[in-house]
Protein chains: 2
Amino acid sequence: MAPKAATIQDVAQAAKVSTATVSRALSNPDLLSERTRAQVMEAIKTTGYRVNLAARNLRMQRAGAVLILVPNLGKPFYSTILRGISDGFARTDYAVLISDTENRPLADGELVGNFLDGRIDGIVSLDGGISPAALDQCRHHNVDGRIVFACEWVDGYAFPSIQSDNAEGARLAIRHLYDLGHRKIAHVTGPRGNVLTEIRRRGMLEERSRLHLPARGDWIIRGDFSLKSGHDAAVSILAMDPEDRPTAVFCAADMVAFGLIAGLSAGGLEVPGDISVVGFDDIDMAESYVPALTTIRQDRMRLGQTAAARLLERLGSGPVPEPQEELLPVELIVRDSTARIAS
Amino acid sequence: MAPKAATIQDVAQAAKVSTATVSRALSNPDLLSERTRAQVMEAIKTTGYRVNLAARNLRMQRAGAVLILVPNLGKPFYSTILRGISDGFARTDYAVLISDTENRPLADGELVGNFLDGRIDGIVSLDGGISPAALDQCRHHNVDGRIVFACEWVDGYAFPSIQSDNAEGARLAIRHLYDLGHRKIAHVTGPRGNVLTEIRRRGMLEERSRLHLPARGDWIIRGDFSLKSGHDAAVSILAMDPEDRPTAVFCAADMVAFGLIAGLSAGGLEVPGDISVVGFDDIDMAESYVPALTTIRQDRMRLGQTAAARLLERLGSGPVPEPQEELLPVELIVRDSTARIAS
DNA sequence: GCGCGTTTTGAAATCGATTACATACTCCAA
DNA sequence: TTGGAGTATGTAATCGATTTCAAAACGCGC
């Protein structure tokens, strides 16, 4: 069958040139005369030559791969971001490694180890929960310039990061509910310690007070971005005094909104008839859920593509740009889970 | 800062031995005298040496990576399988590449190209829709022995494959509904052409006729494993004559069941009060959905782990086992979306 | 002290590419 | 004719490991 893969030596021999010439034909065709280049190309075709990446990477002192850190692959939210990232690396010769940080937590030294082993050239982290120790190790070994964050980030570290405008998203959600006549607006937060939890909550509080809306401690319900936590929130809300409970809820994630809606329905409250619900993210399911979910859209594809582009800039030979925070616009998508308040 | 990574040469020098000895200290410690080995280990520690994978892989003629083909990363169903696979490769030094075949279809020759480039050593495909042409190319280049399928498979090709016992799952679902008194049972299928669609449908038909249940053409509704298709199915069912419509529906996937339940509720039918629904897969959401979903559990973790193990066997130096189909047991998980028929 | 088998170790080849440096060749002006 | 600039190509070093083969060291019985 296939006896042995052709090497650059075989091509050189077939084309009656040196290996240097073959190499140049591929990477720097302009250096060669038209005739030799044609010869080489012909030889490449007949031998079925493909460059061996291990050899090239060794010689060029690179790994030829980037690592994507995802908090949890099981959350549909991340898939489009991943697609954007893959997309961004598709025309390059970087392979894309994906690692789920929740299901397989990073061992001590593993992060920087990947660099030191020559396994990866760079990292895109969607996880803002990377331990400071791990990041310090990266800095210590001078590879911190090849890390970018997308979606989440780490407070107190100056890595480049691509973020959606989370605060604005929260404000849009509140304003939308306000415009529909709602005044008593609750919020289901994300998990404690998460950067997105904080920024969305602050944006929401900001807008709520700007509009002089009443605020109550028990209208801020701790969640964790999960379906279950939305359902739990529904239970809390159902337990409140009907005369004095929120008429609308802004959830920090679509999944939470789904759980909430299901829980409210099960408890006899209709969405949006009795209570309006806004999500955050606009994952694919939001559109096909019943009721279709009003939510804040993050441009996840672009988030991923941009992150890839930023990392590529840093991996190239050009000057390394200053670490920078990049804010991507978000958009309010009005669907069927919100309605004008019944007066 | 970090001036330059230590190489095996540096370690050799520090330990006053040859590079061969250093290499042996790591891969074949038994060959060395205790004293030298200790010296080398000490030198490794002080220099902070890490083997360079590109160099090792080049020398050992391997890629050090495997590729996972996933139909669609956005479907939560795959995440646990991926976890199982990662898990299976965690203690090895194979890197795991993940590629989404739906969002980034394989270009012609790309699959085998990954092998020829020395980018990967093997493939685990969760996608049964790989083109015959691509598979033939792999066979032609003699790399077909390093491909295993998990979850799905390709009819007509003798690749090793790990599957859940889909037919049995379908039978379990029907029997469960039967035991609850249901006689008029509908089925929402998967997408046309998918191997899972067929096997689940056949298992369901088999059991339905074994139990002498009435069969009607319009009780088999075409779906595609998506939320939306479940919702569409709900619309069809709501349009049927109330006296003569199914009292239970077996869905080919949990997502379909969710869409169906939402659609039925929106149309005024209660689950499980008016109609019982069984899913397939037992994805994480099934438990926290409202109502919690009765479904057929696939052991996705084990599916992934087993697939990884099978591929590893084939990548090792041992004899290559015969391609084999492996069936993993499934389990009926009874929750709240099914109930005894109201008589 | 010698010979022989066994255990340890080292020198150098090897994997397959890229590239610094040297050389050969072409063309044209002096 | 010669020199110099510029272009095209080749030679050989290099990336950092593993492994073959040979040699050194050791133990031991005579």
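Predicted model: local features only at pLDDT ≥ 70, side-chain atom pairs only at ≥ 80, totals over all residues.
Figure 1. The largest share comes from H2(A), which gives six residues. In total, 27 residues surround DNA strand C. The closest are A:Thr7, A:Ala20, A:Ser23, B:Val17 and B:Ala20. By class, the surface near DNA strand C has twelve nonpolar, eleven polar and four charged residues.

**Figure 2. The surface near DNA strand D.** DNA strand D is surrounded by 27 residues. A:Ala20, B:Thr7, B:Ile8, B:Ala20 and B:Ser23 are the closest. Two or more residues come from each of H2 (19–27) and H4 (53–60) of chain A, and from each of H2 (19–27) and H4 (53–60) of chain B. Here H2(B) makes the largest contribution, with six residues. Sorted by class, the surface near DNA strand D holds twelve nonpolar, eleven polar and four charged residues.

**Figure 3. Helices H1 and H2 of chain A.** H1(A) spans residues 8–15. The axes of H1(A) and H2(A) come within 8 Å and cross at roughly 100°. H1(A) is therefore roughly perpendicular to H2(A). On the H1(A) side, the contact is made by A:Ile8, A:Gln9, A:Val11, A:Ala12 and A:Ala15. On the H2(A) side, A:Thr19, A:Val22 and A:Ser23 take part. Five residues of this contact are nonpolar and three are polar, with no charged residues.

**Figure 4. The side of chain A that touches chain B.** The contact between the chains takes 48 residues from chain A and 46 residues from chain B. Within chain A, at least two residues come from each of H4, H5 (77–90), strand E2 (95–100), H10 (227–238), H11 (254–266) and H12 (284–288). H5(A) gives the most, with six residues. The chain A side divides into 24 nonpolar, 16 polar and eight charged residues.

**Figure 5. Chains A and B superposed.** A rotation of 180°, with 0.0 Å of shift along its axis, places chain A on chain B. The RMSD is 0.1 Å. That is the relation of a two-fold axis. Of the interface residues of chain A, 96% are also interface residues in chain B, so the copies meet through the same surface.

**Figure 6. Helices H8 and H9 of chain A.** H8(A) covers residues 166–179, and H9(A) covers residues 195–210. The two helices pack at an angle of about 40°, with their axes 7 Å apart. This angle makes H8(A) oblique to H9(A). Their crossing is right-handed. H8(A) contributes A:Asn166, A:Ala167, A:Glu168, A:Gly169, A:Ala170, A:Arg171, A:Ile174 and A:Arg175 to the contact. From H9(A) come A:Leu196, A:Ile199, A:Arg200, A:Arg202, A:Gly203, A:Met204, A:Glu206, A:Glu207 and A:Arg208.

Notes: Residues numbered from 1 in each chain as written. Chains lettered and ligands numbered in written order. Axes fitted to C-alpha atoms, helices over the stretch in contact; angles between N-to-C directions. Helix = DSSP H or I, 4+ residues; strand = E, 2+ residues; numbered from the N terminus. Parallel < 35°, antiparallel > 145°, perpendicular 65-115°, else oblique. Left-handed = near helix turned anticlockwise from the far one by under 90°. Contact = placed C-beta atoms within 7 Å. Near = placed C-beta within 6 Å. Nonpolar A, V, L, I, M, F, W, Y, C, P; charged D, E, K, R; others polar. Least-squares fit on C-alpha atoms with pLDDT ≥ 70 in both.
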